[in-house]
Amino acid sequence: MRGILIWVWTVVAGLSVADPARAAADPAALIPIDPAVRTGQLGNGLRYALMSNDRPVGGVSIRLRFDVGSYEEAEEERGLAHFLEHMAFNGTRRLPEGELMRRFAEAGVAFGRDQNAWTSQFATTYKLDLPDSDLEHLDLAFSWLRDIGDGLLLTPEAVERERGVVVAEYTAGLGPQKTWREAYLAFAAPDARSRTRPPIGVAETLATIDAAALTRFHQAWYRPELAVLIVAGDLPLDALESRVRATFGDWAPAGPPAARAAATPLALDRPLEVLTYSDPTLTPSVGACRLQGWRRQGPDTLERRQRNLTRSFWSRILARRFQLLSQGAEAPFASASLSASAWAREADAVCLNVVPGADGDWGRALGAALAEVRRFERDGPEPAEIQRLIEIDRRSASSFVAQAEDRFSSSLADGMLSIFALHDLDPGTFDAPSQRRDLYEQALSNVTPEAIREAFTAAWNGSEPHLALILTPPPPAEEVAGVWRTAMRAEMGARTAAGAAATWAYGDLGPPGRVVEQVSIEVPAFTRARLDNGVVLNVKSVAHTRDRITVDVRFGRGRRDVPDADYFAAGFGALFVARGGLERHSQTEIEDLFPNRQIGVDLSMGPDAFELSASTRPADLGIQLQLLTAFLSEPGFRDDYAGQRRVALDGVYRSWRTNPDAVLSEALRQALTPESPRGLPPRAAADALSMGDFERLYRTFLTSAPLEVTLVGDAPESEMIALAAATFGTLPPRGAHAGPRSDTFVLRFTDDRPEVMARHDGPADQASVLLGWPLFVTSPERRREERVIHVLRDILQDRIRDEVREALGASYTPAVSATFDDNGDQGQLGISVATSPADVDRVREAVRRVVAAAAAGGLTQADLDAALAPRLANVESNRATNAWWRNALNGSERQPHRLRDALDWEETYRSITLEEIRLAARMWLTGPAIEGVALPALETPATP
């Protein structure tokens with residue numbers, strides 16, 4: 001399913017109906033639900049909330065939640081709630097096994113994307129997003145959801161087939177992080193029920209759960225009085241309510257309800273205790289958690305929002321202080337955080353977690369972070385820190401209100417779940433956007449520096465801490481405890497006062513450039529302009545997402561401008577160049593100068609261009625373009641984030657050998673293309689990278705490569721062009737594009753088809769299988785062939801899932817991919833399956849069988865229809881989005897095919913025929929595959 005939620009439950013918010021006038025006058029009054037939402041309850045106890053919404057046009061999003069999860073499972077049932085969730089996607093009363101996914105695919109619903117579910121310790125939720133409100137599709141959707149309530153076909157044969165899928169999902173989650181997590185929970189919460197109730201279950205019970213147990217659990221907990229139905233979509237409220245009543249009104253429980261499990265409050269009187277843990281694959285860290293008894297939030301009132309806002313302020317202020325302390329090569333730690341959370345309704349916790357700096361001195365790191373925590377407890381926040389957060393929040397609230405009508409039904413449905421409280425919780429928040437903004441202002445009245453300090457002190461001073469340290473080799477527990485006690489007694493000086501606020505140095509960039517050419521391109525209706533310095537502008541006014549504008553600046557040829565020897569450095573360095581700030585401002589100064597502005601810069605290296613990108617608001621577009629222009633003229637290349645960079649690299653090199661897919665990918669690269677630069681370099685070479693290397697690679701491209709700028713969003717095109725001329729137009733003219741390098745690697749496959757065996761250092765239960773077929777080097781002229789391959793990929797994805805996941809139960813997420821690179825790397829189709837070592841041979845044979853059948857002409861029109869429907873389902877609504885226009889226009893002057901590709905996308909896919917699909921399968925899948933297997937280091941190799 002979509003993914004099992006984290007074990008430590010995060011409290012959900014929701015709302016109850018009340019008088020809006022009282023909410024403003026009485027801090028204890030309940031805050032009302034958004035009046036656009038209709039709530040109700042059927043006679044059988046089913047609660048529902050409905051909302052009409054036309055984004056996307058015709059779409060309908062439905063959520064069905066049962067207020068039960070793994071916390072209620074008996075010892076012999078652990079994993080049963082999640083197993084039952086899986087069974088809902090097999091056979092039901094109205095949709096026999098093997099028919100459900102096909103029927104939904106024909107309705108344009110993609111499994112995983114539009115149809116999914118997830119299980120937590122306290123709830124099981126089913127998700128369904130329909131692309132249209134066609135009556136037949138609505139009937140299908142509501143029939144399935146009703147069947148989940150009382151029409152599941154829990155046959156022994158189906159349960160046994162699905163067991164393999166659930167076990168495969170369990171196995172996929174194994175690894176060093178999970179092992180560490182279990183060790184930590186056994187230390188910090190040894191008697192907690194939640195510790196032994198992960199939603200995925202445990203291996204012992206997953207092997208024995210049967211149809212009878214699933215039926216008992218289903219009848220006891222899948223009951224109308226424990227269910228919540230949410231619908232948001234493009235239908236009138238009366239029509240939605242009528243369908244809910246008609247579908248679920250006669251649902252009755254099959255037997256008596258089960259008793260809920262009692263909570264197990266954690267012991268709060270334990271002395272200071274230490275866990276030391278050694279695993280060389282994990283990033284070193286030291287943490288401290290202090291516990292208090294779990295407290296309900298109480299009803300959603302202004303008082304509650306004031307409490308939550310106060311906690312938010314101290315948490316965010318400390319996060320900012322930690323961020324500042326982590327900067328620089330000599331920083332005491334690479335990162336630190338202090339967070340408050342509820343531990344599965346068994347305790348409230350405040351946890352400090354610190355990752356040591358480049359010197360690895362965990363004691364220094366803990367001492368520095370703890371000193372800042374104690375300083376905050378003593379002195380509280382500074383007024384300027386509070387004001388900065390208020391400005392940020394007000395900016396966000398303003399955008400939220402402006403974008404209220406742009407919210408998609410899927411996100412509304414997710415949010416509306418909070419209207420109804422889970423067991424033992426109070427309802428929380430789903431109010432109207434404008435009311436939320438007003439309530440924020442009211443809540444601010446009691447948020448003072450002293451109130452923030454007092455709230456933090458109350459949260460921080462819980463139990464004696466539980467200290468946990470990951471380090472290889474680990475120090476003695478007594479040493480860790482001693483460092484903590486010493487740090488708690490250490491003298492603290494005053495916090496270094498912030499310097500005077502800088503003045504933005506790039507507000508006046510010089511005389512604006514002139515527009516020397518401007519044309520209106522009728523299809524698909526946008527403006528292209530050229531400035532006198534050669535900068536090209538693609539501009540489109542789109543109001544689909546209000547109060548939002550995206551900016552993309554393409555330059556250079558991306559990785560084709562990078563020598564092979566610098567490939568890793570260029571890709572990794574792109575993540576840190578923007579953090580290097582400007583010549584006249586650090587990244588921190590930029591953030592402090594504009595806390596109330598939505599601005600930023602991201603740099604990426606693509607296959608055919610470098611790109612600076614940002615998302616901003618119309619009110620902030622001028623500043624955003626000034627910032628981008630400054631990066632294109634005076635990039636700073638400051639090394640303020642050296643510590644984070646080194647820790648990120650350390651994590652990569654520590655962990656990659658434990659990932660079967662990563663190990664297999666590297667083994668195949670070495671076997672097929674040993675000259676490729678795309679693997680990990682030697683550790684010493686990666687550690688030696690500095691901001692100087694990134695500057696050597698990027699400064700010339702940033703400051704001298706020709707620019708093509710795309711602006712899409714909620715502003716008049718004339719205004720966007722004028723602001724671009726006043727910023728990008730001030731840059732000096734830039735030279736022509738350089739020709740392609742001769743020392744850049746381009747992937748080409750030989751006729752060899754090796755079978756590669758690799759060994760990983762991860763869990764002994766994990767293996768990976770990959771089969772690949774070389775394709776062709778694509779180009780705009782071969783786009784139709786490429787799209788045919790993508791449809792073939794979708795068909796194979798469905799067939800591999802049916803064969804490997806559903807029939808064999810040998811994998812949770814088998815994946816089929818098709819990759820292309822215009823006039824670059826040779827294309828390839830790959831099938832990757834995470835499985836167990838014992839199932840490697842079965843999986844490999846099943847994949848070969850599916851591919852051979854496709855190559856022999858065994859694909860049908862039904863296969864094609866089921867693959868095309870989800871791909872084409874949201875075409876009309878997508879075309880109205882900022883994202884569609886951004887993708888269509890970005891780089892389209894230099895590469896006109898990008899626009900053509902967007903315009904003929906739908907027509908091409910609708911016209912693809914079964915004969916084309918069969919021809920492609922016969923042409924590209926007939927030959928032998930490149931095969932690879934990754935097995936655990938101590939596992940006996942599978943027979944080739």
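At 9% relative accessibility, Thr550 counts as buried, the term denoting a relative accessible area under 20%, with exposed meaning over 50% and partly exposed in between (1.4 Å probe, protein chains only). The model is predicted, and local features were accordingly considered at pLDDT of at least 70 and side-chain atom pairs at pLDDT 80 or more, whereas totals for chains, interfaces and linings use all residues. Residues are numbered from 1 along each chain as its sequence is written, and side-chain values rest on heavy atoms, with hydrogens and water left out.

Thr550 lies in strand β15 (residues 549-555), where helices (H or I, at least four residues) and strands (E, at least two) are DSSP runs numbered from the N terminus. When residues up to four places away in sequence are not counted, Thr550 is in contact (heavy atoms within 4.5 Å) with Ala614, Ser615, Thr710, Leu711, Val712 and Arg886. In helix α17 (residues 567-577), the buried residues are Ala569, Ala570, Phe572, Gly573, Ala574, Phe576 and Val577, and these buried residues of α17 pack against β16 (602-605), α19 (621-631), α20 (642-655) and α23 (691-704).

Two packed helices are described by the angle between their axes and the distance between the axes. Here the axes are lines fitted to C-alpha atoms, for helices over the stretch in contact, and the angles run from 0 to 180 degrees between N-to-C directions. Helix α12 (residues 383-402) packs with helix α14 (residues 433-443) at an angle of about 165°, the two axes lying 8 Å apart. That angle makes α12 roughly antiparallel to α14, on a scale in which angles under 35 degrees count as roughly parallel, over 145 as roughly antiparallel, 65 to 115 as roughly perpendicular and the rest as oblique. The crossing of these two helices, α12 and α14, is left-handed, which applies if the near helix is turned anticlockwise from the far one by less than a right angle, and right-handed if clockwise. From α12, the residues Leu389, Ile390, Asp393, Arg394, Ala397, Phe400 and Val401 meet Pro433, Ser434, Arg436, Arg437, Tyr440 and Glu441 of α14. The residues of this contact between α12 and α14 comprise 7 nonpolar, 1 polar and 5 charged, with Ala, Val, Leu, Ile, Met, Phe, Trp, Tyr, Cys and Pro counted as nonpolar, Asp, Glu, Lys and Arg as charged, and the others, Gly among them, as polar.

Helix α25 and helix α26 (residues 840-855) pack at an angle of about 140°, with axes 10 Å apart, and α25 and α26 are therefore oblique to each other. The crossing of α25 with α26 is right-handed. In this contact, Leu796, Arg799, Ile800, Glu803 and Val804 of α25 meet Val843, Ala846, Val847, Arg849, Val850 and Ala854 of α26, the residues dividing into 8 nonpolar, no polar and 3 charged. Arg801 is also found in α25 (residues 783-807); Arg801 is buried, with a relative accessible area of 12%, and touches Met101, Phe111, Glu806 and Pro814, residues up to four places away in sequence not being counted.

A disulfide is a covalent bond between the sulfur atoms of two cysteines. With the criterion of a pair of cysteine sulfur atoms within 2.5 Å, the count comes to 1 disulfide. This disulfide is formed by Cys289 and Cys351, whose sulfur atoms are 2.0 Å apart, and the link of Cys289 and Cys351 is right-handed, with 115° about the S-S bond. The pair links distant parts of the chain, Cys289 lying in strand β8 (residues 285-292) and Cys351 in strand β10 (residues 347-356), 62 residues apart. Cys289 is buried, with a relative accessible area of 6%, and Cys351 is buried with a value of 15%.
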